[in-house]
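Biologist: I would like to learn how to read a model of this kind. Please take the features one at a time.

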Amino acid sequence: MFESPTIAEFVTQSNLASTLPGTLLVAWTLLLVLVDLFAGDEREHWTPLGACLGLGVSFVANLFVYAPAADQQTALYGMFIADAFTGFLNIVILVATLLAVLMSRDYLMRAGIHRGEYYILTLLSSAGAMFMVAANDLIVVFVALELLSIPLYILAAFRSIKNDGGELALKSEESGMKYFILGAFSSAFLVFGAALVYGASGTTNIPQILEVAPAVVDAASSATFYLVVGTALLIVGLGFKVAVVPFHMWTPDVYEGAPTPVTALMSVTAKIGGFAALLRILVTALSVLLLVDGGVAAWQTTISIIAALTLVLGNFVAISQRNLKRMLAYSSIAHAGYIMVALAAAGTAGSADSATQGALVYILAYMFTNLGAFAVVMTIERVDGGGGNIDDITGLARSRPLLAMAMTIFMLSLTGIPLTAGFVGKFMVFAAAVQAGLVGLAVIGVLTSVVSAFYYMRVVVNMYLRDSSGELLPALETVYVRWAINIALAGTLIFGIFYPLASNLVSMVSIA
Amino acid sequence: MDFLNDPNALPWLIPAGPLLAFLIITLLTNKSKLVPASDHHEYGGHHPDYDGMLVPVVARYSRVISIGVGMCGVLAALVISWVTLYNASQLHHIGQEVLASSIAWMDTGETAFKMGVLVDPATVIMLVMVPIAVLMIFIYSIGYMAHDPRQARFFALISLFAGAMLTLVVADNVLLLFVGWEIMGVCSYMLIGFWFEKESAYKAAIKAFTTTRIADVVMLLGIAYLYSLTGTLNYRDIMYNPETLDMLATTAPIIFGGWTVSAASIIGIFLIIGTVGKSAQFPLHVWLPDAMEGPTPVSAMIHAAAMVSAGIFSLIRLYPLFAAGGDPHHGVLTEPLAFMAVVGAFTALLAATMAVAQNDVKAVLAYSTISQLGFMMAALGIGAYIAAAFHLITHAFFKALLFMAAGSVIHGMEHGEHHVHEHGHGHDASHHPDEGHHFDPQDMRNMGGLRKTMPVTFWTFLIGGLSLSGFPIITAGFWSKDEILADAWLGVQNYGSGAHGMVFIMLALAAFMTAFYTMRQIALTFGGEARTEAAKHANLGKGVVSITMTLPLIILAFFAIGAGFVGVPNDFPVLNAIFSPEYNAFHHLTVEALPLSEATAAFSSLPDYHAKAPPFNIIPVATSVLVALLGLWLGWLVYWRKPLKAGQRDPMENFLGPLHPVLQNRYYLDEIYGRVFVAPSQWLSAQIISFLDRGIIDALLHIIARLFTWLGDLVKVLNLWLIDGVGDGIPIAIFNFGGWLRRMQSGRVQQYMLLILAAAVAIGIVLVLSSGAALAQ
Amino acid sequence: MNAIGTEPYIILSMVLFLMGALGVLIRRNAILLFMSVELMLNSANLALVAFAREWGQVDGHVFVFFVMTVAAAEVAIGLALIVNIFRERQSINIDDLQQMRG
């Protein structure tokens, strides 16, 4: 296809510069391995600091690469794409990782499992997520997904390095193993789906699939069958990553057993990666499956059903949870459902952009709020694993008023109360759904939001209204976690109060 | 940056400095630790109420940085305001042209609700006054708060206060005005209760907050109604748009018998009630005197530069709405105008009578503020729009001066008291009998003779006092008060308007009393000989404290005189040649904020907002000269010529007899409110808690909780019921189709995977079906 | 050359995929479970190679190399986890992992 170029030609021709945010992060991480090696006893300071700096470097690179690029660029001969969509999600991923790193240092010190490789794995996983949002080719989707997932398998099992036979180590180990087996299983679906789509269209490049797919559909041959079944398998593989019903089953088990900062991280970055790939594949590549008369994509029904199931199951099962992490796990399933609503809305011709923008704003709001909530949960968890139940936060308002206030704001944002970021996200998603003609789905969304208020508000009620029976909760957190909570709180409030900020940020995003 | 070069967008930055300063101080520089109040080394404060407590002490470097940050913020606001004023002066015809910029804040379907900034003549006059007054208050605070352990907190809050005021000033719509309004409410709450260890301080804070809140709720109703009728809250779209005004004035929502009340009137009265609370008019004036509990710079902020001015400023902004449907210049008042005239004139007189009997140096000023705000409100009520704006500006300058001078006096008295203690002066007969253990440095009966020890304070206070009294020709207060009276007289003379007559008489009386109690205050504080040891030694000391506390007084004294000359009527004998040869500058500028005559002429419901200024008439001028001089002379006669001796009764007590305690106790209004409103509402809330909360709300919550738990359980049970039944035989389960729903969250990985596989099949089928429909075409 | 068309390969790969999936579902031993997952991935590889032959491109082959590399990485992680679990519990029965549920 192309003659082999010199290295310099390769660098310029391939436009490697547009992949810098991700590649710089990987390079930095490899350097960090060395830093960690030589830091010795100082590693508990240097490695997290280095990780934060690496995120900063990547952040700056992202600004340079994406800020002027309202018009998209591709890199490595069409394998990667750099546009506003990528740039925005990169920022979300980087902020999420920063918050998770801030939480982690404290957690690892408390649990006595401080190891440098933890941060390295975290950064690698985030780099995977960043490649995934920049993926413009099914091969890259697959490889990036694995780069995202494999470190998370290890991180989920990270507590088991203590090997003390303690309950937490066993849980963490089980969590990692479950996540791994199910992840590998769903990866196989993804690969097989990609293979079938490739077979039908003769290319793995997402825009090129868009070009040839109409002919494939019109031919009504076995290729058409491959394309449809391939799409179904891709939905399964990615649906697992974003944890929507019925691929959600791993979520509560894995979230409960994994170390809390890891749970926080995977509840955000893994979902972002999965949704980005779903949006790119379904909206960009397979929007040709539009029915001519209604202007509605064939996959819209499927996605709508999944969204509705996810909303109902996630929100209702969350009600009966006592463990806070498990409750947040089900709540994160429910939130994936809201993003699925936006995805379904993107299947109507003409509303792809507004729905994508709604999904992005929702992801942004969800990132700040969910990480903040996990950070608060982490501060009240005890080293032995106790303290994570809903009864354990009783009376928090009296012992730790500021912490309780922060938690209240996170809960309000998760419910979607105005003046919080969560409201802005829900508003945009529902507006997009209504615009796309999915009124029923929007109604289900609103109703389940009301249901969700019940279990979120129970947390608030427990903190404020019920008297604490036991001793006052001591302050366990360090300044790192406090900053994580501060940042999350600021994001939740700023994007909630300055209503147009988020929608202006995503206004130039278009992937259709 | 384009932003800085765009004169339309620049006003956004005016409030940014103080707001940013608030954030920086709060988040970064306010580092404190707790030390015992008895630790004099760490804690340099001098408030005896802190004894035995742990007080937070801010590190010294952090105090200095906080002050620096606060000053930078307000200086930035000042500079940007001046640049904006320059930009505004470059407009061809300000009023018809304005500086405006807005962003879509929230999409409301077809249109978007816009938030923005606006610089029109009304904004301009505030931008001249507010930043300077605020800067003076900041400089003064450096000295006044020098020994307070919570300086950083103070500067953070007062920065936020200033930022909110500036937001309100540059806002282009009523909602943003309301936002600034409410932030100021919160700041005033926290600053009045700044020394919250004192019970009286936190009670005063709560009182101020709740009283203004009552009014704010009504105001919010007015805003909502306005929005529902017009679909916008932008000033230019409503107040400068005759069509909207005409629509509001001719819409008739409520009819009582034959009396129709227009929508404009209903909205107007709602909005005015908001100001009645904020600007402390009867009957919601009770919070303002108590607000003295805050540090004196806060009093100056509340009484002069910001909070109460905000109330009047909002009325000035909304004036076209109030006047729509009437014609105040020809003696026809609308309901809101009449409401303002009555409330304002009554408050002006009522508060003036209360001020006569006060002994607290700041309380006198507090009542005088209420009274002067009444002047402005009454002026607006009779259509004297420009006079009200004029008085707002001059009053802000001289009242800020008076408050800070009074603060200096108090500071000096405390200084003197310390001096007495340290040098072991025993109690002697010259002490006031009421003094007891608690020496009150604010009681004027403890003062006297301060002109000798605090000359700068004396002279500046004298200038401010004369301006407040309306001393003829040379003071700013004279020109603004005279203009109000001239406007009132015009109505009486030309149209025989009763309302104008009432306002004229009541304000003239109030002006007389103002002159009298001001002279009384000056005489009691500075005249005669020192009545206590503390007064004998009262001074501001030397160094930074003394400089920062006197410099603003001198600057403001200049404005207390000079600010009047921008508004000299252009037919005033002799002086017009010097100050207004062509036109009255203030009049010329301010009137442009109102809709044009040509535009309103087409609508019969609207008055001509650009009516001519009242022609020169000797009667109002003579009246204002007379009442001012008479009041000052009487005060001089009673209090200065024969200074009060230590322990001597106030001559007013003899003169007024049984009326004196009534005035001194503010007509017992606080007690009446306590009985009529506070006690019953406390009783009611107790009832609500015991009945509503426990009986109904709890039960309701329980029912909802049950319902949802039950639903959650139902889903769980369904899972079990649907899925159970296939023991361990997973291989069989593959063949047994029902088996795949086996107990969903079993913890078993393989069941999860089974579900995935099944779902994959299902999705494939659904997809094939839905694309099959496409293919079939 | 192309005596055999693409479709038989695809049918074979689908059968292999299903067999792998069934193996994953039925086996209790974690190691056998992994082998089944590998079977699924390799069935996809077969399909990719077959399609690449049909289209006359290298894209499919490139994809296969990536899949093989990633699968190797996955196995490394998986085996490490299994060793860890075996040391704790002296068992690699997948059904033992159900501490968390509900």
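Biologist: What covers the buried residues of α9(B)?

Modeller: First the conventions: this is a predicted model, in which local features need pLDDT of at least 70, side-chain atom pairs count only at pLDDT 80 or more, and totals for chains, interfaces and linings use all residues. Residues are numbered from 1 along each chain as its sequence is written, while chains are lettered from A and ligands numbered from 1 in the order in which they are written. Helices (H or I, at least four residues) and strands (E, at least two) are DSSP runs, numbered from the N terminus. A residue is buried if 20 or more other C-beta atoms lie within 10 Å of its own, exposed if 12 or fewer, and partly exposed in between, with C-beta atoms placed from the backbone. Contact means that two C-beta atoms, placed from the backbone, lie within 7 Å. In this case the cover includes α7 (199-230), α8 (235-239), α10 (263-278), α13 (307-323) and α25 (597-600) of chain B.

Biologist: Which residues of helix α9 of chain B are buried, and why do they line one face of the helix?

Modeller: An α-helix has 3.6 residues a turn, so residues three or four places apart point the same way. In α9 (residues 242-250) of chain B, the buried residues are P242(B), T244(B), L245(B), L248(B) and A249(B). Seen down the axis of α9(B), they fall within an arc of 160° (taken from the directions from the helix axis to the C-beta atoms), so they line one face.

Biologist: At what angle do helices α13 and α17 of chain A pack?

Modeller: Axes are lines fitted to C-alpha atoms, for helices over the stretch in contact, and angles run from 0 to 180 degrees between N-to-C directions. Helix α13 (residues 324-345) and helix α17 (residues 421-435) of chain A pack at about 35°, their axes 8 Å apart. To the contact, α13(A) brings Y338(A), V341(A), A342(A) and A345(A), and α17(A) brings K426(A), V429(A), A432(A) and A433(A). By class there are seven nonpolar, no polar and one charged residues. Here Ala, Val, Leu, Ile, Met, Phe, Trp, Tyr, Cys and Pro count as nonpolar, Asp, Glu, Lys and Arg as charged, and the others, Gly among them, as polar.

Biologist: Is I339(A) buried or exposed?

Modeller: I339(A), which is found in helix α13 of chain A, counts as buried because it has 27 C-beta neighbours inside 10 Å. Leaving out residues up to four places away in sequence, I339(A) touches F275(A), A359(A), Y362(A) and I363(A).

Biologist: Where is I473(B) placed?

Modeller: I473(B) is in the loop between α18 (455-469) and α19 (476-495) of chain B. Its phi is positive, about 65°, although I473(B) is not a glycine. With 14 other C-beta atoms within 10 Å, I473(B) is partly exposed.

Biologist: Over which residues of chain B is the pLDDT below 50?

Modeller: pLDDT is the predictor's confidence in each residue, from 0 to 100. Where pLDDT is low, the predicted coordinates should not be read in detail. Chain B averages 78, and 84% of the residues score at least 70. Residues 426-437 of chain B are below 50, with 13 contacts beyond near neighbours in sequence. Residues 721-743 of chain B also stay under 50, with 27 contacts beyond four places in sequence.
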